[in-house]
Amino acid sequence: FFSFSNLFLIFSIFTTFFFSLNAFNFFDLKRIVASSTGSQLGYIYFFLSVNLLYCGILLFSFHAIFKSFLFFIVGYVVSLNLNSQDLRVVYVEFLNFVFLSLCFFGLIGLFFF
């Protein structure tokens, strides 16, 4: 009844939902970015489990590019705010907000589809 592909599919859906919902509980910028990495891996596992190998590899490469930019920008924002990673007290300038928004849109798949 259960094949390896079905088990992999269930694991990918669980991973995506777990890390996506887990990111709502954090106020730390770096933990939110790390949780989005886990949810992106769930999406990649999903594509691989339904035999969409090229889509999985393409999403993996987009994820790597935009996540590296996002970590640089988050590190810059944290250093500007006197090493405060708490989202409740972080001040983000307009230009940094534009770059953060582009990275987040890239991670949710705006440029993928």
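**Notebook: second largest pocket and helix packing**

I began with the second largest pocket and found that α2 (29-49), α3 (53-80) and α4 (94-107) each supply at least two residues of its lining. I am working on a predicted model, in which local features need pLDDT of at least 70 and side-chain atom pairs count only at pLDDT 80 or more, while totals for chains, interfaces and linings use all residues. Residues are numbered from 1 along each chain as its sequence is written, and side-chain values use heavy atoms, with hydrogens and water left out.

I noted α4 as the helix that gives the most to this lining, with four residues. The lining consists of Leu 29, Ile 32, Val 33, Val 74, Val 77, Leu 87, Val 90, Val 92, Phe 97, Leu 100, Ser 101 and Phe 104; a pocket here is an open set of points on a 1 Å grid over the protein atoms alone, where a 1.4 Å probe fits, with protein on both sides within 12 Å along at least five of seven lines, and lining residues have an atom within 4 Å of a point. I read its volume, the space filled by probe spheres set on the points, as about 170 Å³. By class the lining has eleven nonpolar, one polar and no charged residues, with Gly counted as polar and Tyr and Cys as nonpolar.

I then looked up the overall layout, which comes to four helices and zero strands, a helix being a DSSP run (H or I) of at least four residues and a strand one (E) of at least two. The C-alpha atoms fill a box of roughly 55 × 25 × 15 Å along the principal axes.

For α1 (residues 4-23) and α2 I found a packing angle of about 160°, with the axes 8 Å apart, where angles run from 0 to 180 degrees between N-to-C directions. These two helices are therefore roughly antiparallel, a label for angles over 145 degrees. Among the residues making the contact (heavy atoms within 4.5 Å) I listed Phe 8, Phe 19 and Ala 23 of α1 and Gly 38, Gly 42 and Tyr 45 of α2. This contact has ten nonpolar, eleven polar and no charged residues.

For α2 and α3 I recorded an angle of about 175° and axes 9 Å apart, which makes this pair roughly antiparallel as well. The contact includes Leu 29, Lys 30 and Val 33 of α2, and Lys 67, Val 74 and Val 77 of α3. By class I noted 15 nonpolar, five polar and two charged residues there. Leu 29, Val 33, Val 74 and Val 77 are also among the residues that line the second largest pocket.

Terms used:
Angles under 35 degrees count as roughly parallel, over 145 as roughly antiparallel, 65 to 115 as roughly perpendicular and the rest as oblique.
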